[in-house]
Amino acid sequence: MKPTRSTKPKARPIAPPDLPPALPTPLFSPGALRTDEAYTEQLLADWDVAGQSADHVVLDAVVLERANLAGTVLKRPKLRDVRLVKSDLSNATWTVAELSRVEVLEGRLTGFKAVEGVFTDVRFVGCKADLAQFRHATFRDVAFTECVLREADFQGADLRSVSFRGSDLQGANLTGAKLEQADFRGVRLDEVSLRPEDLKGLIIDSAQAMELAAFFAASLGVIVADR
């Protein structure tokens, strides 16, 4: 009888953006996002395209510093080997986005929408992403480190092996998410939306186990009373 093969995703080091040692800074910042436009191998500082819309935008080997992408509406954008530093993506809507080898450092992502996006080798570090929507998105080798994700929506998302260490997920919706081997140790989980079956394979610490036990006891109407 052949042994059953595990279908669990194997965690591996997250690949950083593959960027040239030095990137040229254009004399004139691109004034607008254009459909089917590719922005490659450049450093864009203080780029302001807030509220603009475009389809099939590609960012390849690009560093964005203090960029203002708030409220942008992008269909099928592709970011590959990109670093965003202190940039604003709040209330942006990126439909079916593909991000590969991307770092988002100290970004503002309040209300950011990336429903059904695909995130591979992506780091979010020190980001404010409350009310962000990642419903039905797929995450592979992704880490949220010390991020604020209060009331974020991860319904039906594939979060297997994702790390949320040091982040705040208070009030987040994780209903139906795949959480096998997801690392939630030290994460604030107050008032999260979860079903008992969603917890399979989730990595938590002992204090969180007690919190979740109390949460599910209360939701089931169980009365816990000491003598």
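Visitor: How much space lies in the second largest cavity?
Guide: About 50 Å³. A cavity is a set of points on a 1 Å grid over the protein atoms alone, where a 1.4 Å probe fits but cannot get out. The volume is the space filled by probe spheres set on those points, which are joined across faces, edges and corners.

Visitor: What am I looking at, and how are residues numbered?
Guide: This is a predicted model, where local features need pLDDT of at least 70, side-chain atom pairs count only at pLDDT 80 or more, and totals for chains, interfaces and linings use all residues. Residues are numbered from 1 along each chain as its sequence is written, and side-chain values use heavy atoms, with hydrogens and water left out.

Visitor: Back to that cavity. Which residues line it?
Guide: Among them are Leu-79, Trp-94, Val-102, Phe-112 and Phe-124. Lining residues have an atom within 4 Å of a cavity point.

Visitor: Which strand gives the largest share?
Guide: E7, with three residues. Strands E5 (78-85), E7 (98-105) and E8 (118-125) each supply at least two. Strands are DSSP runs of E, at least two residues long, and helices are runs of H or I, at least four; both are numbered from the N terminus.

Visitor: What classes are in that lining?
Guide: Eleven nonpolar, no polar and no charged residues. Ala, Val, Leu, Ile, Met, Phe, Trp, Tyr, Cys and Pro count as nonpolar, Asp, Glu, Lys and Arg as charged, and the others, Gly among them, as polar.

Visitor: New topic. How many aromatic pairs are there?
Guide: 17. Rings of Phe, Tyr and Trp (its six-membered ring) pair if their centres lie within 6.5 Å; planes under 30 degrees apart are stacked, over 60 edge-to-face, the rest tilted. Phe-134 and Phe-144 make an edge-to-face pair, 6.1 Å centre to centre with 65° between the planes.

Visitor: Why does that pair tie together parts ten residues apart in sequence?
Guide: Because Phe-134 lies in the loop between E8 and strand E9 (138-145), and Phe-144 in strand E9.

Visitor: Are Phe-134 and Phe-144 buried or exposed?
Guide: Both are buried. Buried means under 20% relative accessible area, exposed over 50%, partly exposed in between (1.4 Å probe, protein chains only).

Visitor: Which aromatic cluster is there?
Guide: One cluster includes Trp-94, Phe-112, Phe-134, Phe-144 and Phe-184.

Notes: On a 1 Å grid over the protein atoms alone, a cavity is a set of points where a 1.4 Å probe fits but cannot get out, and a pocket is an open set with protein on both sides within 12 Å along at least five of seven lines; lining residues have an atom within 4 Å of a point.
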